Amino acid sequence: MSKEFNAFAMAQNQFDAVADKLQLDNGLRELLRWPQREYHFTIPVTMDDGSVRVFKGFRVQHNDARGPAKGGIRFHPQETVDTVRALATWMTWKCAVVDIPLGGGKGGVICDPHDLSSREQEALCRGWVRQVARNVGPVQDVPAPDVMTNPQHMVWIMDEYEKLAGGHYPGFITGKPVELGGSLGRTEATGFGVIYTVREALKRSEVPIEGVRASIQGFGNVAQYAAKLLIELGGVVVAVSCWDNDDHTAYTFRKTVGIDMDFLLSITDRFGTIDKDKAEKAGFDVLEADAWLEQEAEILIPAALENQISGDNVGRINKKVKIIAEGANGPTTPEADTVLKERGIFVIPDFLANAGGVTCSYFEQVQCNMNFFWPKQEVLDRLDQKMSRAFKAVADLSDETGEYMRDAAYMIAIQRVATACHLRGWA
Ligand code: NAD
């Protein structure tokens, strides 16, 4: 990523373009271009060697007109406040497009958890929440895991918050272990959510899901559950790719008759690397990183990283591809997006396609607040309903207006937040 790249400038540009289409008035524009609140703070941690290290932490609340802010906490050595601002902004639009009563927030700490012992990470988590405890909470701002944070971090943060608040508040944070207030179905939620939208897209174009072929980038949480559900529904996954931690490069694993998920998982190590020799012996073709793009398939699902479909490789997309469902956040560059538009490929944009995760986090919060937990199938059925409804609203608008799916999704999300601000008399 170039030094000049600024995620928040990009988020503002995207907003400006849609605000023009919606002819939003100036007050609303100014309000929605910026976070409502930001907290920047220091977190002193006594390290294992007795020294004190001071970490820099953030929490940004972009907009809470539709409900408490919602968004993860990221631990990253290159974290910047502009990244956190952009992610908080995108959370506002993501919650709005699936119509859950939450706003957008995001937090972070500049650190590399790999360099910290478990005790030091616990101290950092507890220190983070002590600094923002007055400004977050089940009715203000609900954090969750993000890059390099996990369910254990969430438990430490919740425990410290409950000590300060003097009661049990499991609805304060999501992404907790199921044993301590987490929701069943959260593990599957994002990948399954992607496929619920794909299924609806196929229905609209009257293409049967049975026998439909998909090529997937990534073989992590999102990719695995997307592949699993697509296969269950009768689809065929002809390729997946993964990052090889030993060779420090990515490979595509192709099997044109369709992958067997159980087998592929059995040869994937705990860091997500698929064993190339075992794959080849089992009849897979092991191809280079970008080969997943050019496979003969009707559906592509980028589910690894941002900036993966770019001006350089968009031309490699197979002519058979009809749908791209963005499981990852920001996998398509604006240059590639223009080409996809020209080719008439139906794109299910990231903040709609991968919103199953935050939707299930919202269900976790609801269950915690009720202190009553739903069976897994109930969680998944509710998720399916939410995702299918959100997809329909965006696809209907796109059909009615001729707008590209990404623009239609932004129009719905921004309009909903603008309406909430307007009704509250904010602008
Ligand atoms: P993960 O860490 O479980 O999996 C990432 C996968 O990408 C791994 O299989 C890895 O091998 C692969 N990968 C990494 N670099 C690659 C490369 N250059 N080429 C090919 N494969 C590569 O992560 P995840 O939770 O599955 O998240 C994937 C994407 O989905 C991210 O963009 C994330 O922000 C987004 N997302 C995840 C969730 C969620 O609930 N997990 C929710 C919304 C969005």
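Analyst: One definition comes first: Ala, Val, Leu, Ile, Met, Phe, Trp, Tyr, Cys and Pro count as nonpolar, Asp, Glu, Lys and Arg as charged, and the others, Gly among them, as polar. The model is predicted, so local features need pLDDT of at least 70 and side-chain atom pairs pLDDT 80 or more, while totals for chains, interfaces and linings use all residues. Residues are numbered from 1 along each chain as its sequence is written, and side-chain values use heavy atoms, with hydrogens and water left out.

User: How do the residues of the shell around the ligand divide?

Analyst: The shell holds nine nonpolar residues, nine polar and one charged.

User: Which of the 19 residues come nearest?

Analyst: Thr-190, Phe-219, Asn-221, Val-222 and Trp-243 do; a residue is near if one of its heavy atoms lies within 4 Å of the ligand.

User: Which polar side-chain atom lies 3.1 Å from an oxygen atom of the ligand?

Analyst: That atom belongs to Asn-329. For Arg-186, a polar side-chain atom lies 3.2 Å from a ligand oxygen.

User: How much does the protein bury?

Analyst: The ligand alone exposes 830 Å², of which the protein buries 73% (Shrake-Rupley method, 1.4 Å probe; for residues, only the protein chains shown count as cover).

User: Now to Arg-29: is it buried or exposed?

Analyst: Arg-29 is buried, at 18% relative accessible area, because buried means under 20%, exposed over 50% and partly exposed in between (1.4 Å probe, protein chains only).

Methods:
A polar contact is a pair of N or O atoms within 3.5 Å; within protein, one must be able to donate a hydrogen and the other to accept it, and residues adjacent in sequence count only if both atoms are side-chain atoms.
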